[in-house]
Amino acid sequence: MHLPKDKFTLYFLDESRSLRVMWMLEILGVDYEIDIHLRHPETLRGPSELFQVHPLGKAPVLDIKFAENSPDVRMAKSGLIMQYLLKHYDPNNILNPQSEQERLMGTLQPILMSILINNYAKRIAPLGLKSMAKLLSKGLNYGYYKPEFDLNLRFLEKQLRDNSTGYFVGAKPTAADIILSIPVYENVFDNELGVKECTGETELYKKSPQLAAWCDKRLSDVTHKRVDEMCRAKK
């Protein structure tokens, strides 16, 4: 277990998984600074400054400066960062599940990414191939990814209903809620037009009331509001 006096710097990119790393840092109460970067409004890519932090220009990236004499650490990828934080900075199981039974696995994020890529492909296809690209992406989305999307949403809806606490596992927010904040809230319930375009789904709140209620909690979260304020100030 590392010392509570360790210092962190989070390189944050808006509209990315940086948000859930910041959320975890806030809840764990560690001492951190944040370096906010904004996506280009047209290309949606991060700024060139991020290449000085990560060779691929990606975020989140977390720097840890240890209070003891251990070498400093820089790590990327939100999943790896969160696993490290839970292992080394959550001795009281604030966010760690209380038991092995309180584990949640899902595959919603890869499905959403595949739908997004297919939908983007038809937009950038050469003029003479746009019709073919639309047919191909629609066939992939509706033939495979849409059923998988529905299957995963039903699974998550049932998980919330069966747990009956308003959270995915246990009786309090855990890392599972933080991890699922991006695929469930940011990518689906806060992106109704995009979901409709990719999957044809138009009644998310009606079909998934448990997930909708969970998203309402997410929207009212103090950390979420603070991130929005910081990003608006940066703009």
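Is N93 buried, partly exposed or exposed? N93 counts as partly exposed, because its relative accessibility comes out at 28%, which sits between the 20% and 50% cut-offs. Keep in mind that this is a predicted model. The protein chain has 235 residues, and 44% of them count as buried. What follows is a quick tour of the fold, the cores, the helix pairs and a few individual residues.

**Overall layout**

- The protein chain carries 9 helices and 4 strands.
- Reading from the N terminus, the order of elements is β-α-β-β-β-α-α-α-α-α-α-α-α.
- Take the contacts in the protein chain with a separation of 6 or more: 67% of them join residues 24 or more positions apart.

**The cores**

- There are 29 residues in the largest nonpolar core, and the ones with the most contacts inside it are F8, M24, L25, L62, I64, L85 and Y89.
- Two or more residues each come from strand 1 (7-13), helix 1 (18-28), strand 2 (31-37), strand 3 (61-65), helix 2 (78-89) and helix 5 (175-189).
- Helix 1 makes the largest contribution to this core, with 7 residues.
- This core lies between domain 1 (8-89) and domain 2 (100-233), because both domains give residues to it.
- Leaving out residues up to four places away in sequence, L62 touches F8, T9, L10, L25, V73, R74, M75, I81 and L85.
- Another core lies apart from the largest one; it has 18 residues, including L153, F168, W214 and C215.
- As general background, nonpolar side chains in soluble globular proteins tend to be buried together.

- Helix 1 is mostly covered, with 9 of its 11 residues buried.
- Those buried residues are S18, L19, R20, V21, M22, W23, M24, L25 and L28.
- The axes of helix 1 and helix 2 come within 10 Å, with a crossing angle of roughly 10°.
- Helix 1 and helix 2 are therefore roughly parallel to each other, since the cut-off for that label is an angle under 35 degrees.
- On the helix 1 side the contact uses R20, V21, M24, L25 and L28, and these meet S78, I81, M82, L85, L86 and Y89 in helix 2.
- Sorted by class, the residues of this contact are 9 nonpolar, 1 polar and 1 charged.

**Helix 5 against helix 8**

- Helix 5 and helix 8 (residues 209-219) have axes that come within 10 Å and cross at roughly 105°.
- That angle makes helix 5 roughly perpendicular to helix 8, because the label covers 65 to 115 degrees.
- From helix 5, the residues D177, L180, S181, V184, Y185, E186 and F189 meet L211, A212, W214, C215, R218 and L219 in helix 8.
- The class count for the contact of helix 5 with helix 8 is 9 nonpolar, 1 polar and 3 charged residues.

**The loop between strand 2 and strand 3**

- H54 is found in this loop.
- H54 is buried because its relative accessible area is 16%, and the cut-off is under 20%.
- Not counting residues up to four places away in sequence, H54 touches V61 and A76.
- P60 is found in the loop between strand 2 and strand 3 too.
- The peptide bond from A59 to P60 is cis, and its omega is near 15°.

- N93 is not a glycine, yet has a positive phi of about 55°.
- You'll find N93 in the loop between helix 2 and helix 3 (108-124).
- S164 is another non-glycine residue with a positive phi, of about 55°.
- The place of S164 is the loop between helix 4 (130-163) and helix 5.
- S164 counts as exposed because its relative accessibility is 61%, and the cut-off is over 50%.
- K225 lies in helix 9 (residues 222-234).
- At 45% relative accessibility, K225 counts as partly exposed.
- K225 touches L219 and S220, with residues up to four places away in sequence not counted.

Key:
Residues are numbered from 1 along each chain as its sequence is written. This is a predicted model: local features need pLDDT of at least 70, side-chain atom pairs count only at pLDDT 80 or more; totals for chains, interfaces and linings use all residues. Side-chain values use heavy atoms; hydrogens and water are left out. A nonpolar core is a set of buried Ala, Val, Leu, Ile, Met, Phe, Trp, Tyr and Cys residues joined through side-chain atoms within 4.5 Å. Buried means under 20% relative accessible area, exposed over 50%, partly exposed in between (1.4 Å probe, protein chains only). Domain bounds come from an automatic or database domain assignment. Contact means heavy atoms within 4.5 Å. Axes are lines fitted to C-alpha atoms, for helices over the stretch in contact, and angles run from 0 to 180 degrees between N-to-C directions. Angles under 35 degrees count as roughly parallel, over 145 as roughly antiparallel, 65 to 115 as roughly perpendicular and the rest as oblique. Ala, Val, Leu, Ile, Met, Phe, Trp, Tyr, Cys and Pro count as nonpolar, Asp, Glu, Lys and Arg as charged, and the others, Gly among them, as polar.
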